[in-house]
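Dear colleague,

Please find below the structure that I promised to pass on, followed by my notes on what was found in it. I would be glad if you could read the notes with the model open beside them.

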Amino acid sequence: MPLLAIIGGSGLSKLGIMEVTQRKVARTPYGEPSGALTLGRIRGRAVAFLARHGYGHTIAPHEVNYRANLWALKDAGADSVVSVASVGGIRKDTWPGQLLLPHQVIDYTWGRSSTYFEGVGLPVNHIDFTEPYSRELRRQLLAAAKDCGEMLVDGAVYAATQGPRLESAAEIERLERDGADVVGMTGMPEASLAREISLEYATIAVVANYAAGRGDSQRAVPLDKIGEVLDEAMGRVRRIIEKLCEG
Ligand code: HPA
């Protein structure tokens, strides 16, 4: 089976469930990835893990070298990527700790290096992005979640904001009017870059907090609570990933 790549976000800078065989410092034409790739196996399946924000969580969402990260994973032999990303919950029925599997994305980011298809003399190239997330990988993740009895909500519109600041309450209202269910800072250009280099890509979105102006974030997002929420939720994410690897 081809290599499965896992990109861990906030709260998931190491997997713990992996038999590590190698750490590989990768160089790419686009510069350095967020850190060395951790190569090994989960339940017998070959896996490459990369912490999106670096192993010491020092790289801000707008500073992540998304091009180098995906290129390095592809170069290591990956054909698919499961990304784990923490988000704020916008939709009324989302709550901190919930896991969702987005099916659509809206990109509000700016100024990020967001394509491989640029440079002098290269032909203009367009990808189809009607369905930004891999149908097949989403199906496999849903099946894995079901098999291990973990709740994973099928479908959400992910709004990718620039960060690193959180949103104002009015911005969240606007995102909701736009049709967004959850908001995060790293979903783009990761998803479209993956498509550009033919990596199957899906995201497990972990609700870390109610988005600004919602739930207990009426007056302020309680940042001090997020760590605990993510710690607990990542246990469930790990179980889903283990099940996915079991096949
Ligand atoms: N907004 C944007 N990104 C996030 C949030 C949020 O409320 N929570 C976790 N990532």
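A polar side-chain atom of Glu167 lies 2.7 Å from a nitrogen atom of the ligand, and a polar side-chain atom of Asn209 is likewise placed 2.7 Å from a ligand nitrogen. Gly88 contributes through its backbone, with a polar atom 3.3 Å from a nitrogen atom of the ligand; a polar contact here is a pair of N or O atoms within 3.5 Å. The surroundings of the ligand, taken as residues with a heavy atom within 4 Å of it, consist of Ser86, Val87, Gly88, Leu166, Glu167, Val183, Gly184, Met185 and Asn209.

Please bear in mind that this is a predicted model, in which local features need pLDDT of at least 70 and side-chain atom pairs count only at pLDDT 80 or more, while totals for chains, interfaces and linings use all residues. Residues are numbered from 1 along each chain as its sequence is written, and side-chain values use heavy atoms, with hydrogens and water left out.

Turning to the backbone, the peptide bond between Gly163 and Pro164 is cis, with omega about -5°, and Pro164 belongs to the loop between strand E9 (157-160) and helix H3 (169-178). Helices (H or I, at least four residues) and strands (E, at least two) are DSSP runs, numbered from the N terminus. A cis peptide bond also leads from Met188 to Pro189, with omega near 10°, and Pro189 is found in helix H4. Arg43, although not a glycine, has a positive phi of about 45°, and it sits in the loop between strand E3 (37-42) and strand E4 (45-51).

Helix H4 (residues 187-196) also packs with helix H1 (residues 66-75), their axes coming within 9 Å and crossing at roughly 40°; axes are lines fitted to C-alpha atoms, for helices over the stretch in contact, and angles run from 0 to 180 degrees between N-to-C directions. H1 and H4 are therefore oblique to each other, given that angles under 35 degrees count as roughly parallel, over 145 as roughly antiparallel, 65 to 115 as roughly perpendicular and the rest as oblique. The contact, meaning heavy atoms within 4.5 Å, is made by Tyr66, Arg67 and Leu70 of H1 together with Met188, Pro189, Glu190, Leu193 and Ala194 of H4.

Helix H2 (residues 135-147) and helix H5 (residues 226-246) pack at an angle of about 110°, with their axes 8 Å apart, which makes H2 roughly perpendicular to H5. On the H2 side the residues in contact are Gln140, Leu141, Ala144, Ala145 and Asp147, which meet Ile240, Lys243 and Leu244 in H5.

Definitions and conventions. Polar contact = N/O pair within 3.5 Å; in protein donor to acceptor, adjacent residues only side chain to side chain.
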